[in-house]
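Please look at the sequence and the structure first, then read on.

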Amino acid sequence: MIKTLLTAFFLLGTVQAFSFSSFYNVFSEFCIEHDYNFSGGDLFSLDNVKDINVCLKECGVTDSCTSVTYSTVDKKCQLKYKLWGEKGENKTGVHSANLSCFVLENPELFDSCVRTDCNFSGADIMLIEDVYSLEECFDLCRYTDKCVSVTYQESTYKCWLKHKIHGEVVELGHKPPVDSVSLACLALFNI
């Protein structure tokens with residue numbers, strides 16, 4: 001998706017001098033659906049929230065949170081466990097976003113968020129077999145309701161999707177080795 005956006009900008013000739021901050025502003029607007037409500041799928045709501053970016057940051061540190069809806073009228077932030085809520089609807093003054101949209105395809109950032117030889121134990125949504133990389137495992141999480149982190153075992157090609165940011169317990173030096181990564185680490189750099 002990001003590569004497609006960059007290609008489109010360059011082909012259209014709209015980017016003469018690329019800067020990350022200008023790209024992020026466009027990217028952020030792409031991820032936020034203005035005047036649209038992700039109805040249902042609520043975890044809980046927060047009152048008196050400054051803006052949708054603060055709402056997204058709260059989502060990033062909340063277990064099972066994958067999306068938000070923010071009302072500019074009453075400054076209410078609704079944290080959601082379902083991507084896109086239960087159903088979508090047009091609604092003036094309400095903005096919605098999925099946290100996974102803010103994960104840039106950046107290998108250096110991804111590598112900096114990986115917890116090597118670390119198991120996010122427990123809090124499993126599901127085990128998926130025959131997954132051939134940690135990146136593939138993470139992509140499965142990005143599009144799964146409630147998924148906020150993963151643990152991957154390269155030797156067995158197993159991928160565990162998690163509903164808690166660091167599982168129930170963090171285990172270091174797990175044998176056989178596993179690596180883990182959270183959606184929050186990757187997304188919060190970009191909000």
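Buried means under 20% relative accessible area, exposed over 50%, and partly exposed in between, with a 1.4 Å probe and protein chains only.

## Basis and confidence

The model is predicted: local features need pLDDT of at least 70 and side-chain atom pairs count only at pLDDT 80 or more, while totals for chains, interfaces and linings use all residues. Residues are numbered from 1 along each chain as its sequence is written, and side-chain values use heavy atoms, with hydrogens and water left out.

The average pLDDT (the predictor's confidence in each residue, from 0 to 100) is 82 for the protein, and 81% of the residues score at least 70. Over residues 1-27 pLDDT stays under 50. For that stretch the model has 28 contacts (heavy atoms within 4.5 Å) beyond four places in sequence.

## The nonpolar core

A nonpolar core is a set of buried Ala, Val, Leu, Ile, Met, Phe, Trp, Tyr and Cys residues joined through side-chain atoms within 4.5 Å. The largest one has 35 residues, and Val68, Phe102, Val150, Val181 and Leu186 touch the most other members. Helices (H or I, at least four residues) and strands (E, at least two) are DSSP runs numbered from the N terminus. Among the elements that give two or more residues to this core are helix 3 (52-60), strand 3 (67-71), strand 8 (149-153) and helix 6 (183-188).

Beyond four places in sequence, Val150 touches residues including Phe120, Leu134, Phe138, Trp160, Lys162 and Val181.

## Helix 3

Ile52, Cys55, Leu56, Cys59 and Gly60 are the buried residues of helix 3. Why do they lie on the same side of helix 3? They cover an arc of only 145 degrees around the axis, taken from the directions from the helix axis to the C-beta atoms. An α-helix has 3.6 residues a turn, so residues three or four places apart point the same way.

Strand 6 and strand 10 (residues 169-172) run antiparallel and are joined by four bridges; two strands pair if DSSP finds at least two bridges between them. Cys118 has Leu172 as its bridge partner in strand 10.

A polar atom of the Lys162 side chain lies 2.7 Å from the backbone oxygen of Phe120. Lys162 also touches Ser121, Asp124 and Ser149, among others. Ser149 and Lys162 are 13 residues apart in sequence, and their C-alpha atoms are 5.1 Å apart.

## His95

His95 belongs to strand 5 (residues 87-98) and is buried, at 13% relative accessible area. A polar atom of the His95 side chain lies 3.1 Å from the backbone nitrogen of Asp35. Other contacts of His95 include Ile32, Tyr36, Ile52 and Val68.

## Two loop residues with positive phi

Most residues other than glycine have a negative phi. Trp84, in the loop between strand 4 and strand 5, has a positive phi near 65 degrees. Trp84 is partly exposed, because its relative accessible area is 43%.

Tyr157, in the loop between strand 8 and strand 9, has a positive phi of about 60 degrees. Its relative accessibility is 36%, so Tyr157 counts as partly exposed.

How values were computed: Polar contact = N/O pair within 3.5 Å; in protein donor to acceptor, adjacent residues only side chain to side chain.
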